[in-house]
Amino acid sequence: MKGKISQWKDDKGFGFITSDDNQKVFFHVSSLTTKGRRPEIGDVVVFVDKKDDQNRLKATSVAIEGLPKTSNNKSHTQVEPKTKNIFDYILIIVLVISVVFTAYIYFKSSNIESSVIFGVPAVIAFLLLNRQKKPKNSSFNCSKCKKNERFGSRSITAWNRGLTRLYCNTCHVQWLRSRPSNNQAEVYSSSKRGGCLGVFTLIATTATLGGYSVVDWLVQSVT
């Protein structure tokens, strides 16, 4: 069927289509099959009408004329995850070599002053590894309402933490008010454990070696 959007509530993500045969049909933003922007009053649309459980007309597969169609809805709601590049792997190698070499020099000379300088590259490498990256795309589609929104400081921070299902500001505020259950928090936590395990191990090793070196240096200074 074909019609025109006669009502649209952008903050709630739904509206009504007046069809060519003058029927008023409800539709939700999640039923859109086109991308690029949000619906607007006056948009000409093509849709499939059906009745819901309460025998009310509802539009599905709504396509706004003049806008490109989404080839895969999931690919537009999920952004490409943060990945390591060649520079990151070089930093990891530098960090490991620096920590090992620092420990080797210290255990060989028992002199913290002569060995601590070799640990500086490890500190720099660690800081650079934890730098905030930027996604390849400048915008994303909200996972809930499908609104196309530009990346901001909040969404970039979330993306750097490993999240690929991102939300626009309106849906994010609604999500905060809904107080997600502990199960959702556990899912996110479990997805982060694998990536954090290596960093935690490296930090723990570095801290152990550093602590041992400091204690040994203090003992030598006292004696």
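A residue counts as buried when its relative accessible area is under 20%. The model here is a predicted one.

Starting with the overall picture, the protein has seven helices and seven strands. Reading from the N terminus, the order is β-β-β-β-β-α-α-α-α-β-β-α-α-α. Of the 223 residues in the protein, 27% are buried. As for contacts between residues at least 6 apart in sequence, 57% of them link residues at least 24 apart. The protein exposes about 14,600 Å² in total, with 59% of that area coming from carbon and sulfur atoms.

Part of the surface forms a nonpolar patch of about 1,000 Å². Its members are Phe-87, Ile-93, Ile-97, Phe-101, Tyr-104, Val-116, Ile-117, Phe-118, Val-120, Ile-124 and Leu-128. Helix α2 (86–109) and helix α4 (120–129) each put at least two residues into the patch, and α2 gives the largest share, with five residues. One of the patch members, Val-120, sits in helix α4. Val-120 has a relative accessibility of 40%, so it falls in the partly exposed class.

Pro-121 is partly exposed because its relative accessibility is 35%. Setting aside the neighbours within four places in sequence, Pro-121 touches Val-94 and Ser-98.

Now for the cysteines. The disulfide count for this model is zero. A disulfide needs two cysteine sulfur atoms within 2.5 Å, and the sulfur of Cys-142 has its closest cysteine sulfur, that of Cys-171, at 3.6 Å, which is too far for a bond. Cys-168 is in no disulfide either, and its nearest cysteine sulfur, again in Cys-171, is 3.6 Å away. What about burial? Cys-142 has a relative accessibility of 0% and therefore counts as buried. Cys-168 likewise has a relative accessible area of 0%, so the opening cut-off makes this residue buried.

Definitions and conventions
Residues are numbered from 1 along each chain as its sequence is written. This is a predicted model: local features need pLDDT of at least 70, side-chain atom pairs count only at pLDDT 80 or more; totals for chains, interfaces and linings use all residues. Side-chain values use heavy atoms; hydrogens and water are left out. Helices (H or I, at least four residues) and strands (E, at least two) are DSSP runs, numbered from the N terminus. Buried means under 20% relative accessible area, exposed over 50%, partly exposed in between (1.4 Å probe, protein chains only). Contact means heavy atoms within 4.5 Å. Accessible areas come from the Shrake-Rupley method with a 1.4 Å probe; for residues, only the protein chains shown count as cover. Patches are made of residues with over 30% relative accessible area and no salt bridge: like charges are joined within 9 Å, nonpolar side chains (Val, Leu, Ile, Met, Phe, Trp, Tyr) within 5 Å. A salt bridge is a side-chain nitrogen of Lys or Arg within 4 Å of a carboxyl oxygen of Asp or Glu.
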